[in-house]
Amino acid sequence: TKPYIPDVPGISDIPYFTNETIFSLTELPKHLIILGGGAIGIDLAQAFTRLGSKVSIIEENFVLHNQDEEFKASIWHLLKKEGVSIYEQSFPKKIAAIGGRISVHTNQHVITGTHLLIATGRIPLTTKLKLENAGVATQNGLIKTNQSLRTDNKRIYAIGDVATTKRHTNMASAHASVAIQNILLKVPTKISKLNDVSDFPARLVGKDKATAGWVRVSTIEVS
């Protein structure tokens, strides 16, 4: 997959970072503007605000909008408590660079900062693989699998970003574990619906509170 870059006027003229390039920074941003309030945006917002940057998140919907409402509210309040500015239901209409600073014009506000991070998701790069020649079906760019992560070709498994819309490291790691157990250990294993973002001391097990409930865990720091 590759980072999805939204078609916003002016964005091609602005130096921006993605989750693949943000770690090349050698100086701490004074004010990091993040487009996107999904898992990647939230993780990096929390990281940079704790390092000392001012951070603003711009999200067209609501932050973590596909998560459980109570879980989402807890993360939202945690970020606000740590000083992160959150602009929800804000649609970027124009991005411009003025005097060494970057301004994002939305339908509600103009947010000006020093650095811009694009965290609006990732898109799969499966078209050129010609998977149909191997009997592997795709849908909207995603490789179709069953819960064991096996494709229509029983000799091929697919994991990570090309097999799910929940594209973050935790999900990829969970996929890898399932695939290894099925392929190498021959232990029949299926992927579970586990969502886990940031280090907030609560984990959501199952689809939502109604189906699974909450499990509170202790945060253990190892020095």
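K72 is buried (under 20% relative accessible area, with a 1.4 Å probe and protein chains only), at a relative accessible area of 11%. The model is predicted: local features need pLDDT of at least 70, side-chain atom pairs count only at pLDDT 80 or more, and totals for chains, interfaces and linings use all residues. Residues are numbered from 1 along each chain as its sequence is written, and side-chain values use heavy atoms, without hydrogens and water.

K72 forms a salt bridge with E69, with 3.0 Å between the closest N and O atoms. A salt bridge here is a side-chain nitrogen of Lys or Arg within 4 Å of a carboxyl oxygen of Asp or Glu. E69 is exposed, with a relative accessible area of 53%; the cut-off for exposed is over 50%, and partly exposed lies in between. Both residues belong to helix 2 (residues 69-81). They stand 3 residues apart, about one turn of the helix. Helices (H or I, at least four residues) and strands (E, at least two) are DSSP runs, numbered from the N terminus.

The whole structure holds 4 salt bridges. One of them joins the side chains of R122 and E20, at 2.6 Å from N to O. R122 lies in strand 9 and E20 in the loop between strand 1 (2-3) and strand 2 (31-35), so this pair ties together parts that are 102 residues apart in sequence. R122 also meets D161 in a salt bridge, at 3.3 Å from N to O. D161 sits in the loop between strand 11 (142-143) and helix 3, so the pair with R122 in strand 9 ties together parts that are 39 residues apart in sequence. Through shared partners, E20, R122 and D161 form one network. R122 counts as buried, at 10% relative accessibility.

On a 1 Å grid over the protein atoms alone, a cavity is a set of points where a 1.4 Å probe fits but cannot get out; lining residues have an atom within 4 Å of a point. The structure holds 1 cavity of 30 Å³ or more. The volume of the largest cavity is about 40 Å³. Its lining has 5 nonpolar, 3 polar and 1 charged residues. Ala, Val, Leu, Ile, Met, Phe, Trp, Tyr, Cys and Pro count as nonpolar, Asp, Glu, Lys and Arg as charged, and the others, Gly among them, as polar.

The largest pocket has a volume of about 740 Å³. Of its 30 lining residues, G38, H65, A119, T120 and G121 are the closest to its centre. A pocket is an open set of points with protein on both sides within 12 Å along at least five of seven lines. Its lining divides into 13 nonpolar, 12 polar and 5 charged residues. Helix 1 gives the largest share, 3 residues.

On the surface, I180, I183, L184, L185 and V187 form a nonpolar patch with about 460 Å² of accessible area together. Patch residues have over 30% relative accessible area and no salt bridge, and nonpolar side chains are joined within 5 Å. I180 is found in helix 3 (residues 169-183). I180 is partly exposed, with a relative accessible area of 44%.

Notes. Grid points are joined across faces, edges and corners, and a volume is the space filled by probe spheres set on the points. Patches are made of residues with over 30% relative accessible area and no salt bridge: like charges are joined within 9 Å, nonpolar side chains (Val, Leu, Ile, Met, Phe, Trp, Tyr) within 5 Å. Accessible areas come from the Shrake-Rupley method with a 1.4 Å probe; for residues, only the protein chains shown count as cover.
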